[in-house]
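Visitor: I'd like to learn how to read this model. Could you walk me through the confidence scores, then the sheet, then the helix packing?

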Amino acid sequence: MTLLTSLRRLLAVATLGLGLVHAAHAADASAPDLLIRQLSLETIEAVKADKDIQSGNISKIIALVDAKVMPHINFTRMTSSAVGRFWRQATPDQQAKLQAEFKTLLVRTYAGALTQVKDQTIGMKPLRAQPTDTEVVVRTEIRGKGDAIQLDYRLEKAGAEWKIYDVNVLGIWLADQYRNSFAQEIGANGIDGLIKSLADKNAKAAAPAAKG
Amino acid sequence: MSHVIRWLATLSLALGLAGCQTVQGVGTRIDRALDKVMGSKGQRLDPWESWNRKVFAFNDKVDENVLKPIATAYSEIVPSPVRTGIDNFFGNIGDAWSAVNLMLQGRFKAGVEQGMRFAVNSTLGLAGVLDIATEAGLEKNSQDFGKTLGKWGMGTGAYIVWPLFGPSSVRDSLALPVDWQASPGVLFDDGRKKVGITALSLVNTRANFLRAGEMLEGIALDKYTFYRDAYLQRRGSFDDEGDDEVEVLVPGNGAAAGQAAAAPASAASATPASAAPVATVKKPAEPASAATR
């Protein structure tokens, strides 16, 4: 039963992970912990302030993510990591499609999870990194009812900015979580098969998502 | 004589080479087969996949036809405050067991904290129905014996799906009988009450998972693989002990809070750096997962 609880929490908080961040254009990406701190705060505020988000208005959430969150995520890296060694076999066109469908899949997850956000606060754990590091893990946790929920971010330094390239919810790195599923699908039906099954999933979910 | 020896040597060399080649050939073939069927590391932890899939499908049917309808009815009929109370009650029993496990893991401070939670909620919280401890700042930290075994250095082992009990691993299956000794059912020695309370605990857990379960259906390409990978990753990771000091962020005054927080943030990041100024490692500070074996 632990798993059920875990997965429930994973969903409840994956949202805050990549964060449906409001007004993140103000987020300062010059230091990794600073970036996460601001994204976290803004996410919590945005969710609490917006009734539409709480009720799972998916188009509104997608628009938000596109405008505010995506600039802080290296989604190409996240997707390629989930696709693993098959990524290099994919054509640029396939890569773009994979990325688009994977993004929709994750955003959908957050959209659902957002409706479960209530009285949580965010705790920052001390950063264990050297100033010279170009890849760091920023560790946070969501505190509310029940166990604190581990929520960590992998960030890389791209030029002067830090970008998120993976998120860990409850000990589960999301890119790793999908790697086997993707490999299994590619093994059976090829890269186009994976794109198709992702697209099907997304299309199927798009209909009932409206009713929340 | 020397002739014979030379002949034997040549023969054995030839055989050896051939052997090597065969072994290598077989090796690559197996490797390729593994790659094709298994994709990656995680799946080698699932040697009983075909059996597990059958059990998983069975469990899914049971859930769909019995557990989920009951849990749905439960969450529709029983008022929310009552459900919260029931959830807290079970959670409180879990806290006592977490405290024991934290002690077994050598995390005494956290263990004492969970013990405090149990003490406070059991008394002031009316046998655990109210979760006063959380409001008092004692965070819940769930542990079980499977985690303790892991902490002692035992790997998760292969993935197993048990009929009715669901996803598990070799390690967690070994721990299960021990964990059962601390399940809510043991509070009662009367057989019928035991069954009743265990059933209620099960329904409570399932009810908590209703909405998330539906969402999961929508994001998992293959439910079996998704659950398995989540289980193994989750159970195999040891989140850096969780005993670090945590700074709670207070939302409310938007950008102002962000700005105010900026200074301590950079100070915090500077401190460990100056404390240990070596290392120019180009790696995440926290290697992928300390638990990946």
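Guide: Let's start with confidence, since this is a predicted model. Chain A has an average pLDDT of 79, and 80% of its residues score at least 70.

Visitor: Which elements of chain A have the lowest and the highest mean pLDDT?

Guide: Among the elements of chain A, the lowest mean, 56, belongs to helix 1 (residues 2–18) of chain A, and the highest, 93, to helix 5 (residues 75–83) of chain A. Look also at residues 17–26 of chain A, where the pLDDT is below 50; in the model this stretch still has 44 contacts beyond near neighbours in sequence.

Visitor: And what does chain B average?

Guide: Chain B averages 75, with 68% of the residues at 70 or above. Two stretches deserve a look. Residues 33–43 of chain B are below 50 and have 15 contacts beyond near neighbours in sequence. Residues 253–293 of chain B are also below 50, with 55 such contacts. For the model as a whole, the scores are ipTM 0.73 and pTM 0.70.

Visitor: How many bridges join strand 1 of chain A to strand 3 of chain B?

Guide: There are 3 bridges between strand 1 (residues 121–124) of chain A and strand 3 of chain B, and the two run antiparallel. Toward strand 2 of chain A, strand 1 of chain A has 4 bridges, again antiparallel.

Visitor: Now helix pairs. At what angle do helix 4 and helix 5 of chain B cross?

Guide: For a helix pair, take the axis distance and angle, then the handedness, then the residues. The axes of helix 4 (residues 80–104) and helix 5 (residues 108–123) of chain B come within 8 Å and cross at roughly 160°, so these helices are roughly antiparallel to each other. The crossing is left-handed. Among the contact residues are A96(B), A99(B) and L102(B) from helix 4 of chain B and A110(B), Q114(B) and F118(B) from helix 5 of chain B. By class, the contact has 7 nonpolar, 7 polar and 2 charged residues.

Visitor: How is helix 4 of chain B oriented against helix 9 of chain B, roughly parallel or roughly perpendicular?

Guide: The axes of helix 4 and helix 9 (residues 191–208) of chain B come within 10 Å and cross at roughly 115°, so the pair counts as roughly perpendicular. This crossing is left-handed too. R83(B), I86(B), D87(B) and F90(B) of helix 4 of chain B meet L200(B), S201(B), N204(B), A207(B) and N208(B) of helix 9 of chain B. That contact divides into 4 nonpolar, 3 polar and 2 charged residues.

Key
Residues are numbered from 1 along each chain as its sequence is written. Chains are lettered from A and ligands numbered from 1 in the order in which they are written. This is a predicted model: local features need pLDDT of at least 70, side-chain atom pairs count only at pLDDT 80 or more; totals for chains, interfaces and linings use all residues. pLDDT is the predictor's confidence in each residue, from 0 to 100. Two residues are in contact if their C-beta atoms, placed from the backbone, lie within 7 Å. Axes are lines fitted to C-alpha atoms, for helices over the stretch in contact, and angles run from 0 to 180 degrees between N-to-C directions. Angles under 35 degrees count as roughly parallel, over 145 as roughly antiparallel, 65 to 115 as roughly perpendicular and the rest as oblique. A crossing is left-handed if the near helix is turned anticlockwise from the far one by less than a right angle, and right-handed if clockwise. Ala, Val, Leu, Ile, Met, Phe, Trp, Tyr, Cys and Pro count as nonpolar, Asp, Glu, Lys and Arg as charged, and the others, Gly among them, as polar. Two strands pair if DSSP finds at least two bridges between them.
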